[in-house]
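Please read the points below alongside the sequence and the coordinates.

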Amino acid sequence: MPTFWLVVFLFALAAFGYIAGRARALHSAGGNARDLHSLPAYYGYNVSLTALVPALLVLAIWLLAQPLLVETQVSRMIPTDAIPENSTLGLVMSDVRRVAEGLDIAVEQNALTETEAGSIRTEFTDLRGRLGELGVALGSDVRPEVLKAAQRYRVINSTGHLLMTLVVGALALGGLAFSYLRTNKDFRARNVVERGVLALLVLAASLAILTTIGIVLSMFFETINFFKLHSWTDFFFGGTWAPNFRGDSELSILPLLWGTLYISFIALLVAVPVGLFAAVYLSEYAGSHVRAIAKPLLEILAGIPTIVYGLFALLTVGPALVSIFGRGSEGLLGVEWMAGATSVLTAGLVMGIMLIPFVSSLSDDIINAVPQAMRDGSLGLGATKSETVKQVVLPAALPGIVGAVLLAASRAIGETMIVVMGAGAIAKFSLNPLESMTTITTRIVSQLTGDTDFASPETLVAFALGITLFVLTLGLNILALYIVRKYREQYE
Amino acid sequence: MYDLAKTESAVEQKDTKISARNVQVYYGDSHAIKDVDVDIEDKTVTAFIGPSGCGKSTFLRCLNRMNDTIDICRVKGDILLDGEDIYDPKVDPVQLRAKVGMVFQKPNPFPKSIYDNIAYGPRIHGLAKNKADLDEIVEKSLRRGAIWEEVKDRLDAPGTGLSGGQQQRLCIARAVATEPEVLLMDEPCSALDPIATAQVEELIDELRQNYSVVIVTHSMQQAARVSQKTAFFHLGNLVEYGETGQIFTNPVDPRTESYITGRIG
């Protein structure tokens, strides 16, 4: 039975459990729902949840664990001398899986019987040819030990699957029977369901947290692999980024970090004043009609995909800047400072535009949180609106605004598409904003796209770059949250 | 029951400071203040009493045009300060509010130091020529706010760190620092305990020497204690206005009598 039908069966059982549990509870109270401890539906939920939840959990764990177990079992069957030169156990195992899948398809399409699939030998059959006819292309002829492993793989897998179906089915039926028998009019079904809901919510919250930890750990181990191949002093303190495939790459984060921070700085230089002034206008000056139109319009900026901003940088802002600062005597300023459309200024300007709604929306919320009594107090003393904003509202909102700016900064540092398209690809230290530079995120993209070999430092450096970036933005976020939280306490 | 001695001693003819004629206030479609005529005297404490929602705070906020900050609010009629119409287009509401100070229901010190809280108004209006001058204004205002002794050693501490009663006296001192001619107080004691209330009431009585004080209050005892004139508002109408002693002992209008004896409100 395929897993899909097993899941369908579980849900059908749960639906049946709901009806049965509800009916039994009502019956035990003699049909009078008021004699029940809980509403009749709770008894139904209780029965269907006990039937469904443990079975589904076991199913999920089993589906995750079985491939791992089968893998270790089967990989033991492959002797070390069966692994060809310049190959690894992992590659052989992927051959094994491929052959096993091919056999499955062959059985499904009746090209082979189940017994044939279990007993054929490469010595007598051209398995590669036969599977090729069925649309399963194999890279090389099937070697005997691979075929044997594949057949073993299929056997273990199908036993495991059968066992799983039985265990899960039994668990569901057992759960159903257990809570069905417990159902009577004094059973506190409502409290049990309440605990079930709590458990569900806790599970959802912990999944999100565990995923984060998982991401960090996976990056972390790859980073360790990288540092085994490449010296960490060069990575953190070297001055050159020059990957090559001769094995003597210089992979230092500093030029990339410089580009990242420089572009982010320019982006903030654009986004903070514009965003902040927009927020002050919207929250202090704009009438309700203007606000109702302007605020959503501004927030549309936040909904534009960053790749579109990237196009904007490449096709509009870059050429516009070139026509001002470049082209020699044909340019607006008659200077030759800028050669190509990609530059720190291009990426910074466009990223600044992207961050405007981020800064303005957060600042607007924070400015609105300043109590009206503050403004009244200032206006009541004969201050004008701008004096009130400058001397009372903004100082009161300052910690929150700093938090908003830090959050925007961490967005800027992690931004990828705009810099991929607008900033260029040259890693260097320079103060000239009209030159093209590159950032950490751009280099991660270029190190991991195309043909990659996950054993070379040139590829693995992406993980080290990624985790550094993560630590950087995490630090900024924590600082921002700390400041914002501290600010909140002020008015409570 | 009521402190009649004080009010009787104050019965003498004073100049009219604010004169309101035929004032109407609308919030959108609702008519919040109807045909209010009132003359507020100089160097007198005038109390506005009445049940919640009767329009007394709204009317108070008309006197320094704080209602301008509310979009849907419209004011009609004439309000004259020293004979000049404060709703005249020539009048700058910002300058008017410097002359007609306001103290709010909830203490609202700025999140600044005590010194900067008091110096805020004088700085905005350029009242001090130099630092020494400003120091003097701050000290004088804090003394008039009856809070100097408590805070003189920590003028750099934040104003928000004071107790509720101290904060309210700080706010009164802040309002006094701009040298207003009229001081409006919107239920200044509603967030305070009885001891702080007594301190603020004492302060109001002292402020009467120099200013015309208008106070909105829900406490009739407080109105009787601090004011010389009382106005009773009901459903947006000014029902009765007169000497405090007379309003509390011998009201003319039956509605006033019902309110002060606790039957409506």
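1. For the helix pairs discussed here, axes are lines fitted to C-alpha atoms over the stretch in contact, and angles run from 0 to 180 degrees between N-to-C directions. The model is a predicted one, and every remark that follows should be read with that in mind.

2. On that basis, α9(A) and α14(A) pack at an angle of about 145 degrees, and their axes lie 9 Å apart. The crossing of α9(A) past α14(A) is right-handed. From α9(A) the contact draws on T260(A), L261(A), S264(A), L268(A), V272(A), L276(A), V280(A), E284(A) and Y285(A), while α14(A) contributes K385(A), S386(A), V389(A), V393(A), L394(A), I401(A), V405(A), A408(A), A409(A), A412(A) and I413(A). By residue class, the contact of α9(A) with α14(A) divides into 15 nonpolar, three polar and two charged residues.

3. Helix α14(A), residues 385-414, also packs with helix α12(A), residues 344-369, at an angle of about 145 degrees and with the axes 9 Å apart. This crossing of α12(A) and α14(A) is right-handed. On the α12(A) side the residues are M351(A), M354(A), L355(A), F358(A), V359(A), L362(A), S363(A), I366(A) and I367(A), and they meet V393(A), L394(A), A397(A), G400(A), I401(A), A404(A), L407(A), A408(A), R411(A) and A412(A) of α14(A). The residues of the contact of α12(A) with α14(A) comprise 16 nonpolar, two polar and one charged.

4. Once residues up to four places away in sequence are set aside, T260(A) touches I413(A), T438(A), T439(A) and I440(A). Of these partners, I413(A) is one of the α14(A) residues that take part in the contact with α9(A).

5. What secondary structure does chain A contain? Chain A comes to 17 helices and two strands. Its radius of gyration is 32 Å, well over the 23 Å that the globule rule gives for 492 residues, so chain A is more spread out than a compact globule. Taken along the principal axes, the C-alpha atoms of chain A fill a box of roughly 85 × 75 × 40 Å. Among the contacts in chain A with a sequence separation of 6 or more, 71% are between residues 24 or more positions apart.

6. V8(A) and Y281(A) are separated by 273 residues in sequence and by 56 Å in space, C-alpha to C-alpha.

7. Chain B has a secondary structure of 11 helices and 10 strands. For its 265 residues a compact globule would have a radius of gyration near 18 Å, and the value for chain B is 18 Å, which agrees. The C-alpha trace of chain B spans about 55 × 45 × 35 Å along its principal axes. In chain B, 56% of the 265 residues are buried, and the chain exposes about 11,400 Å², of which carbon and sulfur atoms supply 47%. Of the contacts in chain B between residues at least 6 apart in sequence, 67% join residues at least 24 apart.

8. R65(B), which is not a glycine, has a positive phi of about 60 degrees; R65(B) sits in the loop between α2 (56-62) and β4 (73-81) of chain B and counts as buried at 12% relative accessibility. D82(B), likewise not a glycine, has a positive phi of about 50 degrees. The place of D82(B) is the loop between β4 and β5 (84-85) of chain B, where D82(B) is partly exposed, with a relative accessible area of 43%.

Methods: Residues numbered from 1 in each chain as written. Chains lettered and ligands numbered in written order. Predicted model: local features only at pLDDT ≥ 70, side-chain atom pairs only at ≥ 80, totals over all residues. Heavy atoms only, no water. Helix = DSSP H or I, 4+ residues; strand = E, 2+ residues; numbered from the N terminus. Left-handed = near helix turned anticlockwise from the far one by under 90°. Contact = heavy atoms within 4.5 Å. Nonpolar A, V, L, I, M, F, W, Y, C, P; charged D, E, K, R; others polar. Rg over C-alpha atoms; globule rule 2.2 N^0.38 Å. Buried < 20%, exposed > 50% of the residue type's maximum accessible area, 1.4 Å probe, protein only. Areas by Shrake-Rupley, 256 points an atom, 1.4 Å probe, with all protein chains shown as cover.
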